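Open your viewer and get ready to click along. This short tour tells you what to select next and what you will find there.

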Amino acid sequence: MPPELLRMIIAAVLVVAFVFLNAMILGYMERKVSAHIQRRPGLMEVGPHGVLQLIVDGLKLIGKQLVVPEGSNKFLFRLAPVLSFAPCVLPFVVLPFARKLQIVSMDISLIFILAMTSINVIAILVAGWASNNKYSLFGTFRSVAQAVSYEIPMLLSILSIILITSTFSLQGIIAAQKYYWFILIQPLAFIIYFISGLAETNRAPFDMPEAESELTAGFHTEYSGMGFSFFFLAEYANMFTVCSIATVLFLGGWKGIPLPLGDYTGIFWFMLKVYGLLFVMIWVRWTYPRVRFDQLMTFCWKYLIPFSLANLLITAVLVKLI
Amino acid sequence: MENLAENRTAYTDLEPATDIPNENHYYLNMGPQHPSTHGVLRVLLEMDGEYVVDPQPVLGYGHRMQEKMAEHKNWMAFMPNTGRMDYAAALPYNHGYVALFERLCGIEVPARAEYIRVITSELNRIVSHHLWIGAMLLDMGAFTPILYTFDDREQVLDILEDVTGSRLTYCYFRVGGVCKDIDDKFVEKTRAFIKRQRERFDIYNKLVTGNIIFIKRTEGVGVISPDMARRYGVTGPVLRGSGIAYDVRKNEPYSVYPNFDFEIPVGRNGDSYDRYMVRLLEIEQSLRIIEQALDQLPEGSFLGKAPKKMKMPTGDCSFSVEAARGELTYYLVSGGGDIPYRLKIRVPSYSNLSVLPELCQGMLLSDLVAAMGSMDLVIPEIDR
């Protein structure tokens, strides 16, 4: 077996394993953080402080029957969870966990990630359409409109970083943050990116597509067992991707206080920053009510896009001058 | 009569394809098992995209024939049923029922018993408002407030459990008084709760009242004008939110309410935000009433003299109390004996729900959920 192929297989296994592990860590974090925000102990039963709860939950979900609703398009209904899961795994291939911890180094890794995360919306469209359920369809419409709108300010804020670094390579962007993190010179872009990221990953207060008090569960209303857990995994994988891009673009990626074996141990700083941002996401979710759908759109088109455009223009002018 | 029957089939035995007036509209069935109808209410929504064209509540999924039951048993045996209509605030239901018979049979109630009734009823009102704040925020997608209000709610439920023996469906009042006296421990714990609750308002305000998303979601949403409120017979905090200061405790005082100094909070715009504020301020007013009642609490008997087996005089009688959701009226027709001929229960949630079709026309689905949440509907009370 050629070593390159072996390396790819190991990498693929590691990536999928990490996606599952990440979902478990985040699931645990979400439940524990929300519990402490709400002043209750949260998970305590399975294992010390409930750390094994998510494993038990996973087993339960695997054991559950996948109910296919009557009148649904059976092929699409079964396809949607896979379609949602697969593109969420792919960005992990190009994420720079440390200087030398990157499975594939591409010049256009940023574009690759953005392309992959956008595919998720098609999976939601398929899931909502195939379910033959009005609530699912509602969630789908909202989700598509939301994802398409919020991609614009997100890309505009990313572009203002690209103007500074003139590279789409994630390692290149990290290398450009040699003396300072870009959050210092692009605070507005960071805020816009983070808000759009919340909307992109369908997190509260922008969790329109799955607003359970209105739409029961939105696009995954009809899914049970592993069908549901694939969407769940995809959501957490997406959250991780969005936060890693924020880390790479604005927070210096794997840079931090130098540790021994710096080429590999940078993963410590990378994870610390990513999970820090993820903590903020969870924090926001458990504090705010949900916005209304028209308010969500107004916010995007009337505030985020103009501000990100202005930011981009100012950046362009300054880059030209300097 | 025929017309009525036709109307009913129009939205219960629905043939979606045939009777939609506009081909761009479609029906969305919200409930009876929907997370934000808080019970088995079904609302049939005629929708145009995300906009609600015509919401029609469909009732009867939780109907237990409470009024019919009252016609078939000894009137005292019906007493526990009164606690099972409005499960969130059962004591005012107890209160109205026993007060009805006290008025009908002319039974004196000791002053201490009346004070105990007022204190426990007001505690129950606070509990109900706690539940409501949490549930409404839940409807709007905020999960955390309900756990904070439930924290406070637990404190009161513990206090009420000590004296009434139950936590939710009370059967505590008796004709002529209450079934168990309150003790020093109760007074002490209640005073501690009042102090605690006043400090907690700060948290509520930080978490909810001042929250920009909450304000944007509730201000100007679900506006009930005073005229509309009168037309539909809306009562309680929903009516007061529309700026009409009607409260049975003030307008038609019963029990020992005239002895206390308290205000009726009213709103200005009649929107969801005003209804929220009215309820929040009502908690404070209830605390004031409890505080004064504890200070004035007279000594003496807690259960007056009432015959064990009591015959009702013939005639009719009605009694209104201010339940947590508004005016609750019991109307009784007696043909003598100990079984009522007819007991009519006029519940506040029913008239509050009746405003929904007009209120929510042309609203977004999310607003309908928030507006319905702001009405504080308790479904077992509607389907009693």
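One term comes first: pLDDT is the predictor's confidence in each residue, from 0 to 100. You are looking at a predicted model, where local features need pLDDT of at least 70 and side-chain atom pairs count only at pLDDT 80 or more, while totals for chains, interfaces and linings use all residues. Residues are numbered from 1 along each chain as its sequence is written, and chains are lettered from A and ligands numbered from 1 in the order in which they are written.

**Stop 1: chain B**

Select chain B and colour by pLDDT. The chain has an average of 84, and 94% of its residues score at least 70. Now pick residues 7–18 of chain B, where pLDDT stays under 50. For this stretch the model has 7 contacts beyond four places in sequence (two residues are in contact if their C-beta atoms, placed from the backbone, lie within 7 Å).

Switch to cartoon view: chain B has 16 helices and 8 strands (DSSP runs numbered from the N terminus, helices being H or I with at least four residues and strands E with at least two). Its C-alpha trace spans about 70 × 50 × 35 Å along the principal axes.

**Stop 2: where the chains meet**

Show both chains. The contact takes 23 residues from chain A and 25 from chain B. On the chain B side, the elements giving two or more residues are helices H5 (111–139), H6 (144–164), H8 (212–218) and H15 (365–374). That side of chain B divides into 13 nonpolar, 6 polar and 6 charged residues (Ala, Val, Leu, Ile, Met, Phe, Trp, Tyr, Cys and Pro count as nonpolar, Asp, Glu, Lys and Arg as charged, and the others, Gly among them, as polar). For the complex, the predictor gives an ipTM of 0.77 and a pTM of 0.83.

**Stop 3: a helix pair in chain A**

Select residues 187–200 of chain A, helix H8, together with H10(A). At what angle do the axes of H8(A) and H10(A) cross? They cross at roughly 170° and come within 10 Å (axes are lines fitted to C-alpha atoms, for helices over the stretch in contact, and angles run from 0 to 180 degrees between N-to-C directions). Phe190(A), Tyr193(A), Phe194(A), Gly197(A) and Glu200(A) of H8(A) meet Val242(A), Ala246(A) and Phe250(A) of H10(A). By class, this contact has 6 nonpolar, 1 polar and 1 charged residues.
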